[in-house]
Amino acid sequence: MTGETTSRPVRGPGPKRRQVLVGLTASMGLGGPLQAAPRTTLTVAAYPLIDEIVKAALPRWQARHPDVDVRVVSRQYADHHTAMTTALSTSVYLPDVMALEASYVGRFSQGAGLEDLSQAPYRVDQLASRFVPYAFEQTLNRRQERVAVPTDIGPGTLLYRHDLLAQAGLTPEDLTPTWEAYVAAGRRIKAATGAYLVGNAQSVKDIVIRSGLKPGEGLYFDKDSRVLVNSPRFARAFELARQVRRDKLDAKVNAWSNEWAEGFRRGTIATDLTGAWMVGQMATWVAPTTKGLWRAAQLPENTFVGYGGTFYAIPRRATAAHKPLAWEFIQLLTLEADLQLAAFKSQDAFPALMATHQDPFFEQPVSFLGGQSARVLWRDAAKRITATQVHKQSNFADEVVGTELDNVMDRGKDISRALADAQRLLERRARR
Amino acid sequence: MTMRLPASLRLSPRWAPYVFVSPFLVLFAVFGVFPLLFSLHLAFQSWEPTSGLGSMEFVGLENFAFALEDEWFWKSLKNTAWLALVSGVPQHLVAIPLAVFIHTSFKRLRDGVMAAYFLPYITSTVAIAIMFSSLFSTDYGLINAALSATLGMEHIDWLGHPDTLKPAVAFIVFWRYIGFNVVLYLAALQTIPKDLYEAATMDGAGRWQQFWCITLPSLRPMIFFGVTLSVIGGLQLFEEPFILTGGKGGIDQSAMTSAVYLYRMAFDFNDFGGASAMSWLLFLVVVVLTWLTNRAFRPRDEQRSGQEAS
């Protein structure tokens, strides 16, 4: 199940052998004036698609630094983050640059393992205005350190099957004014076409608890670790999700499962609340045959939420001599507009770099979405997302709240009791 | 032609035994003793792992206190106990008669039958989980198809509902380990002297009496061994529920055993100190229950002397 592939840069006989040769000849006293300085190798750890993006940037890097090779260590998504946790905790096999997914930036920023990029020589705060605001905000930890630089983002969007909507006699405007309207539209879609509104009612709850958050306000905990779960925000999310389940509007499938993908392929799921990158996934493997039937809209009730994203960080205990080079490499990946656009075009990595957002590519029609200029929509959404503070126990809170919602939906548990139970459980953890 | 090593490279007989056993000892020290001691150390620390090893902070018994008051830890212990009982007890209740049946009814085919029962035990857990997820699948699974074809039952969401997930996991564990127990009992059956049965037949004892008065008492040491293994294995149950529920423990954590929970504490919830404390508490439970098993099954002195006298 675990796969680790190490890909060497595409040059010469490989850095190691050459280093050894240089070392050998030097130690034998044969090192003549022709021998160059020993080569440096930067190690970049990444996961699928990000590794491709990094590799695509290598020719430019090699042109600028012919003496610095870059080794891309690529692992599967979960393996990568486990390996990074282990590397940080033991300070062994630390890469010079690590790619991190948004939720892990929050998690790793709790510790002191990542370099504070607000300090000299990085001074990343000078670059603040060049990134999508919420993505840059997310790199700040509780100690006001900047632990990472954003490279791509996942603006939240509502994807819907416009043919199913039409069959039910609905317009896109019927879907989005409020969450209640969204559920009501779901009932009509179900009645007219038999299709479910969403894959799982949990995903409705996941967004509603994130809507209306003020900048800096926490999702489950406030900044003093007070638990926020027993509140109207959660009660409403639970009620909506329960309504969806009661009216049999969700297919009760988990994201990424076979049944879930099958639902999109067969058109038995009419909408998806997701990140903009989902369009690429749909078009390539989830449901390529449904090309042209989907459209994108903003999430209901003007909700703006980020669905993941990728960041680059430098481990604090990485080789000190490599850090300036690592920083330069990160700047290459995150600040050069043409590379960011190329990644957007080839891997659906929505750029965090604002300078790219004026490119004509954004106006171009998206063929999977029936020629809709959806990227303009997502560009607008990206600016309006607010960053949420990640708490150490966020993962646990996710799980507890999800479980209580299951209890409400499947076992008829009272919502106020479910929220009180979740609140109590989280309070015990909040300060651990 | 022999090649003689220079004296300095030759192993002296004094050290040779130690050198020969050292591969095991070195591996055991690295992969056995060290993690054990490290987790004992961790159980008394508060540690943010991504800050490095230097960031540990001694917190005394706080992790243990937290674990004992943690609702989910108790929930996981209850799940573990339930799964250990429901998957463990039938293993033995079925394996003993099955072993006797195989022992008496199959002559040449015996090894083949035994191998068939043993096969699940050596099959990769991942393969098993994939197979059972498709068997238990709500809409396309064979189990639901069979149930609705024969009994006209509605499709059951086996792995998606807390009330059916636990029995499903228990069944897989039962299915997987029964062959192992059958092999244990078959081995023990072969050591029972045939003349005991012959004498009993002469005395007019039926098959049931022979089973009850000869086979079962003779199997007692093996039952003790098998039950001990089931107790230890059941309490540390991890792989099957972990893979079957995607590493989460299922809806309402209904298949989250203690081992799964403490893994998640460390790697999902980032609490290595709490996870270590829980693993030591689980160890205590294993010790106590193993000791109780020992008390229940160990050969009693009067019984042994009684057997000798007869």
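**Close-up views of chains A and B**

**View 1. The interface of chain A with chain B in a predicted model**. Here 25 residues of chain A are in contact with 21 residues of chain B. On the chain A side, the elements giving two or more residues are helix H3 (77–90), H4, helix H16 (394–411) and H17. H16(A) gives the most, with 6 residues. By class, this side of chain A has 11 polar, 8 charged and 6 nonpolar residues.

**View 2. The two domains of chain A**. The domain assignment gives domain 1 as 4–153 + 308–363. Domain 2 is 156–306 + 365–429. Their C-alpha centres lie 33 Å apart. The contact takes 17 residues from domain 1 and 18 residues from domain 2.

**View 3. The side of domain 1 of chain A that touches domain 2 of chain A**. Three elements each supply at least two residues of this side: helix H4 (102–108), helix H5 (133–137) and strand S8 (306–313) of chain A. The residues of this side divide into 7 nonpolar, 6 polar and 4 charged. H4 of chain A also gives two or more residues to the side of chain A that touches chain B.

**View 4. Packing of helix H10 (residues 232–246) against helix H17 (residues 415–429) in chain A**. The axes are 10 Å apart, and the angle is about 130°. H10(A) passes H17(A) in a right-handed crossing. H10(A) brings Phe234(A), Ala235(A), Phe238(A) and Glu239(A) to the contact. From H17(A) come Ile415(A), Ala418(A) and Leu419(A). The residues of this contact divide into 6 nonpolar, no polar and 1 charged. H17 of chain A is also among the elements that give two or more residues to the side of chain A that touches chain B.

**View 5. Gly233(B) in helix H9 (residues 207–235) of chain B**. Around Gly233(B), 18 other C-beta atoms lie within 10 Å. Buried would need 20 or more, and exposed 12 or fewer, so Gly233(B) is partly exposed. Gly233(B) and Gly88(B) are 145 residues apart in sequence. In space they are 9.1 Å apart, C-alpha to C-alpha.

Note on methods. Residues are numbered from 1 along each chain as its sequence is written. Chains are lettered from A and ligands numbered from 1 in the order in which they are written. This is a predicted model: local features need pLDDT of at least 70, side-chain atom pairs count only at pLDDT 80 or more; totals for chains, interfaces and linings use all residues. Axes are lines fitted to C-alpha atoms, for helices over the stretch in contact, and angles run from 0 to 180 degrees between N-to-C directions. Helices (H or I, at least four residues) and strands (E, at least two) are DSSP runs, numbered from the N terminus. A crossing is left-handed if the near helix is turned anticlockwise from the far one by less than a right angle, and right-handed if clockwise. Two residues are in contact if their C-beta atoms, placed from the backbone, lie within 7 Å. Ala, Val, Leu, Ile, Met, Phe, Trp, Tyr, Cys and Pro count as nonpolar, Asp, Glu, Lys and Arg as charged, and the others, Gly among them, as polar. Domain bounds come from an automatic or database domain assignment.
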